[in-house]
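Good morning, and thank you for making time on the agenda. I would like to take you through one model, beginning with the chain as a whole and ending with individual residues.

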Amino acid sequence: VVNHIPEQMVIPPRFILLDVQRAFFPWSEEAINDGDGEVVTVRDGERITERFVAGRLAERTFARTSGEPAGVVHVDYEWSDAAWALPERAVLINHWFGYRLTITTSSETRINTGETR
């Protein structure tokens with residue numbers, strides 16, 4: 001990631017890109033496809049808690065297993081179109097570095113993953 005604006009960002013762009021990955025990467029091999037529930041996964045020194053409502057990811061938190069830094073990275077998801085694979089809006093609050101990131105999905109295009117020859 002390269003910063004092309006004249007001012008230097010307080011948060012390194014690399015950390016922002018990692019937070020986008022935290023918001024959208026499928027961290028757990030489990031999912032609750034129907035109903036409500038919670039899935040907890042520990043990966044790369046982070047405890048990832050995912051809360052599902054009506055089969056959709058509603059909230060995700062990341063906490064370091066070491067406790068350092070203190071606090072969490074917290075993501076809330078808003079779904080407006082039941083057919084979409086992505087939420088319309090994801091709001092991430094990084095308590096480790098003290099910033100908020102809002103990601104809005106304005107459209108979605110699905111790619112056919114079937115084999116073609």
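Predicted model: local features only at pLDDT ≥ 70, side-chain atom pairs only at ≥ 80, totals over all residues.

The chain contains one helix and six strands. Read from the N terminus, the order of elements is α-β-β-β-β-β-β. In extent, the C-alpha trace spans about 45 × 35 × 30 Å along its principal axes.

Some totals for the chain come next. There are 117 residues, and 31% of them count as buried. The accessible surface comes to about 8,000 Å², with 52% of that belonging to carbon and sulfur atoms. As for charge, the chain carries 12 positive and 18 negative side chains, and the centres of these two sets lie 3 Å apart. Among contacts with a separation of 6 or more, residues 24 or more positions apart account for 26%.

Which residues of the largest nonpolar core touch the most other members? This core has 19 residues, and the ones in question are Ala23, Phe62, Val75, Tyr77, Leu92 and Leu101. At least two core residues come from each of helix 1 (13-24), strand 2 (46-53), strand 3 (56-64), strand 4 (73-78), strand 5 and strand 6 (99-104).

Asn94 lies in strand 5, which covers residues 89-94. Is Asn94 buried or exposed? Asn94 is buried, because its relative accessible area is 2%, and the cut-off for buried is under 20%. The side chain of Asn94 makes a polar contact with the side chain of Asp19, at 2.8 Å.

Met9 sits in the segment before helix 1. With a relative accessible area of 37%, Met9 is partly exposed. Met9 and Phe24 are separated by 15 residues in sequence and by 23 Å in space, C-alpha to C-alpha. Pro26 belongs to the loop between helix 1 and strand 1 (37-43). Pro26 counts as exposed because its relative accessibility is 59%, where exposed requires over 50%. From Pro26 to Asp76 there are 50 residues in sequence and 15 Å in space, again C-alpha to C-alpha.

Where is the cis peptide bond? The bond from Glu68 to Pro69 is cis, with omega near -5°. Pro69 is in the loop between strand 3 and strand 4.

Two residues other than glycine have a positive phi: Asp44, near 50°, and Ala54, near 55°. Asp44 is in the loop between strand 1 and strand 2, while Ala54 is in the loop between strand 2 and strand 3. Asp44 is exposed, with a relative accessible area of 73%. Ala54 likewise counts as exposed, at 59% relative accessibility.

That concludes the presentation, and I would welcome your comments.

Terms used:
Residues numbered from 1 in each chain as written. Heavy atoms only, no water. Helix = DSSP H or I, 4+ residues; strand = E, 2+ residues; numbered from the N terminus. Buried < 20%, exposed > 50% of the residue type's maximum accessible area, 1.4 Å probe, protein only. Polar contact = N/O pair within 3.5 Å; in protein donor to acceptor, adjacent residues only side chain to side chain. Core = buried A, V, L, I, M, F, W, Y, C linked by side-chain atoms within 4.5 Å. Contact = heavy atoms within 4.5 Å. Areas by Shrake-Rupley, 256 points an atom, 1.4 Å probe, with all protein chains shown as cover. Lys, Arg positive; Asp, Glu negative; His and termini not counted. Charge placed at Lys NZ, Arg CZ, Asp CG, Glu CD.
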